[in-house]
Structures are given as structure tokens and as C-alpha cells.
2 protein chains.
Amino acid sequence: MTQLITQLLKGESAALARLITLVENNSPTVPEVMKAIHKHTGTAHIIGVTGTMGTGKSTLIGAVTRAYRKRDKTVGIVGIDPTSCFSGGALLGDRIRMQDLATDPGVFIRSMGTRGVLGGLTSSIYDVVELLDASGKDIVIVETVGVGQSEIDIAKMADTTIVVTVPGLGDSIQTMKAGITEIADIFVVNKADQPGADETVLQLQQMLCMNHLDEWQIPVIPLSSIKGTGISEVINAINNHMDFLTETNHLRKRRRTRYESELLALIKKKVMHFVLDESRLQGTIESMVDTISRKEMDPHSAAEKILKGILA
Amino acid sequence: MTQLITQLLKGESAALARLITLVENNSPTVPEVMKAIHKHTGTAHIIGVTGTMGTGKSTLIGAVTRAYRKRDKTVGIVGIDPTSCFSGGALLGDRIRMQDLATDPGVFIRSMGTRGVLGGLTSSIYDVVELLDASGKDIVIVETVGVGQSEIDIAKMADTTIVVTVPGLGDSIQTMKAGITEIADIFVVNKADQPGADETVLQLQQMLCMNHLDEWQIPVIPLSSIKGTGISEVINAINNHMDFLTETNHLRKRRRTRYESELLALIKKKVMHFVLDESRLQGTIESMVDTISRKEMDPHSAAEKILKGILA
């Protein structure tokens, strides 16, 4: 294990890949690895990219990555697909759009499913981000399909969160209602060559004017991969945001938020493991289900009774 | 509270609505209510309906409900939208397609968001299903957009699970891979008037032939609301499935599975409540985040240390 960690810290992709697999498989060696690498983290700029299906997140990430590679920055990309449990990994498919990057030793790409447990995602994705950071990647991009909790998790994890939308999705109005502005640091209106792009940009800008009187003015950037426009504006916005974070006290705050949410995710996971993997509890649950089935006790009372036994 | 419960047991919609609101708001009176009503549950046939966006779940549910109303059965419908946190309640929009039913006193319709916590969904949806059951509804339909865990939760909760797809979604191959057949009791190919419907039905049937040597042969039913065909086949399939469950020992098994997953969901919720809502823990987490930020300890070690304090 020590050798693998040494190789990771040197930035070797094979070691990185193997350690991520250990995290995915919930290996008992993970805490040891994380303990060893934690002090080597904190240099990567962590960028979250979220948006609904079909907004072209992968195209954006591919373009951003190529731009950073031209600037000699190394990039780690991790795609999380909260729908992969049954619907088949959409992000895996998208990796095809990044195939030119897959052979670049300065780029590391990995897709992760959530294995049916959205809660499980959170704690292991933090580990993967720490691994990419410790491996010396300058930029770590975390991509997720915007479904409920996953967007909030990404925003808590990232230094800079990019929300991607497209013209005519009807998203602008809905997101305004729902408060996605609270997680976005940068808005990208992708497929800006399509009709309605200007209106979408304008709507978002107007909405941001109303909602935000903050120090950071959230930019709304039209991007068109057909026209080849917008990508340098996106890179500038990311860099400006990082400057803003560093110059103010916000970077420290964001990192604290990340550690706090990781800590809570780990506590949740460990507590549930303790509660549910206790083999003695299996019998208790079985017999309680019998009692509930016979209508002698309701589920709430049964849960209360089991808990009193554990947390006495 | 006693009066509300009495009114619920008489089937009064106003009482049902108020009690569901209590569940949604996590009222401290919920355990008391559930305790009182549990022995009055178990008569409803619980039908889960799942499928990706745009497959016409609401149209199907509307048609099924109208068919049951003709047979003088009362129906409760609860829609869960795991994406509602940010994307705006898709299922709320769909209620428009059921507006004729909203004025029928024999039908009760309610949409629930997940409030950003997919874990939180599970425990309260069980309560809502129990409330609908106790109110005397013959049929309780639980609708959810098929995203990851929500499909599995629905299948664990329902007596009969209907998976809805449409021609040309490319779903048939993907779902085969991903194992959705393990949760489906009935497949409905909706919009069967569209091109490719026959192929989709055939593909699903062939796949089911290969995968299932079970006592219950999963039917694949083409449904077209334009042509007005298929709905009586769906109703027959649901009734046949219920007969199958009752004649074999499967109904008892399914109900046990439901109680078990409800119990686990409640234990999770209560444990997390105990762990995270302890005010003394807030200070510990704060200071641990400091320690992690200073790289003096990694998150895994910190979580371990906090847990040792709780579960000593």
C-alpha cells in the first residue's frame, strides 16, 4: 500500500486508478490511504459541473480540459451518474466525446455510478477528489447530472460550481424559482448557436441582478462548440472566480464547507454501517417485522424500540 | 388528533390531507398517528408505477384510476418527484392530466417532493401509503420518476410494480442490462401508436423469456391513449397479479419486505437525527473541521473519533 501511495503522490495514473477502485469497492484500506494522503491535498482547483441531461456538460468539460492542457495544467475528471443504477451510465457514453483526452497522460478521466445509494456517493466522491488532488492534478472537475441532492453535494464539494443550461429548456424560470442560483458560481448557456440563446442569457442575467447583491457577480456565458465561441470566456470566469476566492476569505470557507460535509457523510455512513451490519440486529429486525405484520406494533414504535437498544 | 384519526378512518378526504401534511412536515405527532392507524391497514392493493420522464405515467394512472372508479373502487394516488428539489415538480404538472379525477370524492391525489433528501423520501412515503390504506382506499397508486434508488424503493413498497416505457426510448436494451426486470411485475409500452412499438414489445418479451423462469410470467402490454386500447389489459394484469400474490405466499412476503424496508428507513432517519441533531456534536464537528483544514487529521480519522464518542 505504501508503494501505491508513493506512486500516487508522484502522479502515476496506474496507481491513481487502482486507489480509486479501492474507494469504489469500499475497501477496508481506504481510511489508511486517506490518512496518508490528506496532508498532500489542497493544491487542486476543484470545479463542479452540473446541469440536466442533454445540456452538453461533457462537451463543455472536454473544451475546458483542452484549454487547460494548452496552459500546461493537468486535469482530473470524475463523472458521477446518479441514474446509473438502472438507466445505464449516461456519463460513460459521454466519455466518447473526450476520447482524444483519454490518451493524454496529463488528463485522468473516471466515471462512477452511485450503486443505487445516493448517500453512498457522497462519501466516496470526496475520497476520489482527494486522490486526484494528491496526485498533483492542477484542476479537478466533478461532473454530475443535476438531479436533486447531487447538485447540492457538488456545490458543497467544489471551489467553483458551473451550472450548464441550454436555450429553450425552460430551465431559466424553473431554476430561478428553485434556487439553483445559490449553488452556481458561473452559468454557461451551452448550444448558444440555437434559437432563443440570447433570451436565455438575458433572463438569467436579469434574475441574477435581482437575486444577488454579493461580492461575486455570477457571469452568464454563451458557449457554442459549433461556432467555437465562449470557451476562453469560461476559462477566464473560472480563473477570476478562483482569484476572488483566494483574495477574499471564501476559499478557506469553501474548503471548510467541503470538509464539514465530508465529515457528516462519513459519520452517516459509519453509523449506518454500525447499526445495520450488526448481525445481532438482523434477528431483531426479523422478529420486529413479524410483530408489525401481525399488527401488534407499528413501524414507528418498532424503530424506536430497536434504537433504544442501540443508543442506550 | 383522535378526532382527525377517526375522520381518516371514516375516509374523509380533509382529514387525510391534513394528516399527510403532518407527515410532510415531519410533525412530532406522526408516530402517534401511525401507531393508532396501523391495525386498520393492509386492505389496499398498493400499485407502484415507475418509468423515465415522458413515458406517460400520469396518463396511464389516470386511465387505470378511471377504470377502477367504473368498478366502484376508491383510489389514492401519491406522486413522488425525486427531482423536485431544483427542477420543479414534474408530477405536479402532470396532475393537470388528472383534473377530472380531482373532483371525484372516491379519488385522492397528492404530490410530494423529496425536499432534497432522497433518504427522507422513503420513510415518509411509507407513512403516506399507510394513511391512504387506513382511509379505506381500495387501490393506492404510488408514482415515481425512475431515477436510481427511487425505483427500488417503490418496488419494495408496492404489491404490484408497473414499469412504463415508450417505443424508441432505447430503454428496452438498457433496462435489460441494468436489471429492471427484477422490479417489474407488469411492463406497459405506452404510446403504442408510435412507430417501433411492436419491436419494443417483442424485445421486452424476448428478454423476459430469457431472464424469468418464475411462477409469475411478466406481461408486456401495449397501451395507446390515442387509439384507446390496452387499458382493460392493464387492469386485468393488475388483478391477475394480485390473485397470484394472494394464492401463493407472495403477498405475505411482499408485505414483510415493505415493513422491513420501512423499518430500516425509520431506523436510519432516527439514528441520523440522534447523531446530527445533538447540539453538543456541533461544536465537535466545528473543531474537527479546523483540525482537518490544518491537515492535522484526515476526515476518515476524524469521523472515526467522533463516532467512538457516540457509540461507546
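A nonpolar core is a set of buried Ala, Val, Leu, Ile, Met, Phe, Trp, Tyr and Cys residues joined through C-beta atoms within 7 Å. With that in hand, let us walk through this predicted model. Its largest nonpolar core has 150 residues, and those with the most contacts inside it are Val142(A), Phe187(A), Val142(B) and Phe187(B).

The model scores ipTM 0.77 and pTM 0.69. In chain A the average pLDDT is 83, and 82% of the residues score at least 70. Residues 84-93 of chain A are a stretch to treat with care: their pLDDT is below 50, although the model gives this stretch 33 contacts beyond near neighbours in sequence. Residues 116-120 of chain A also stay under 50 in pLDDT, and for them the model has 14 contacts beyond four places in sequence.

Now for the overall make-up of chain A. The chain contains 15 helices and 7 strands. Of its 312 residues, 46% are buried. If you take the contacts in chain A between residues at least 6 apart in sequence, 75% of them join residues at least 24 apart.

Setting aside neighbours within four places in sequence, Phe187(B) is in contact with Val163(B), Thr165(B), Leu204(B), Ile218(B), Val220(B) and Ile221(B). Val220(B) sits in strand S7 of chain B, which covers residues 220-222. Why does Val220(B) count as buried? The reason is that Val220(B) has 23 C-beta neighbours inside 10 Å, and 20 or more is the cut-off for a buried residue. Not counting residues up to four places away in sequence, Val220(B) touches Phe187(B), Val189(B), Val201(B), Leu204(B), Gln205(B) and Leu208(B). Leu204(B) is 16 residues from Val220(B) along the chain, and their C-alpha atoms are separated by 7.0 Å.

Glu130(A) belongs to helix H8 of chain A, residues 118-134. Is Glu130(A) buried or exposed? Glu130(A) is buried, because 27 other C-beta atoms lie within 10 Å. Beyond four places in sequence, Glu130(A) touches Met34(A), Ile37(A), His38(A) and Thr41(A). Glu130(A) and Ile37(A) are 93 residues apart in sequence, yet 7.8 Å apart in space from C-alpha to C-alpha.

Met34(A) leads us on to a helix pair that joins the two chains. Helix H3 of chain A (residues 30-37) packs with helix H15 of chain B (residues 299-310) at an angle of about 120°, and their axes are 7 Å apart. H3(A) and H15(B) are therefore oblique to each other. In this contact, Pro31(A), Met34(A) and Lys35(A) of H3(A) meet Pro299(B), His300(B) and Ser301(B) of H15(B). By class, the residues of the contact divide into 3 nonpolar, 2 polar and 1 charged.

The axes of helix H4 (residues 57-70) and helix H12 (residues 231-247), both of chain A, come within 10 Å and cross at roughly 75°. H4(A) and H12(A) are therefore roughly perpendicular to each other. Here Ala63(A), Val64(A) and Ala67(A) in H4(A) meet Ile231(A), Ser232(A), Val234(A) and Ile235(A) in H12(A). This contact has 6 nonpolar residues, 1 polar residue and no charged residues.

Key. Residues numbered from 1 in each chain as written. Chains lettered and ligands numbered in written order. Predicted model: local features only at pLDDT ≥ 70, side-chain atom pairs only at ≥ 80, totals over all residues. Axes fitted to C-alpha atoms, helices over the stretch in contact; angles between N-to-C directions. Helix = DSSP H or I, 4+ residues; strand = E, 2+ residues; numbered from the N terminus. Parallel < 35°, antiparallel > 145°, perpendicular 65-115°, else oblique. Contact = placed C-beta atoms within 7 Å. Nonpolar A, V, L, I, M, F, W, Y, C, P; charged D, E, K, R; others polar. pLDDT = per-residue confidence, 0-100. Buried ≥ 20, exposed ≤ 12 C-beta atoms within 10 Å, placed from the backbone.
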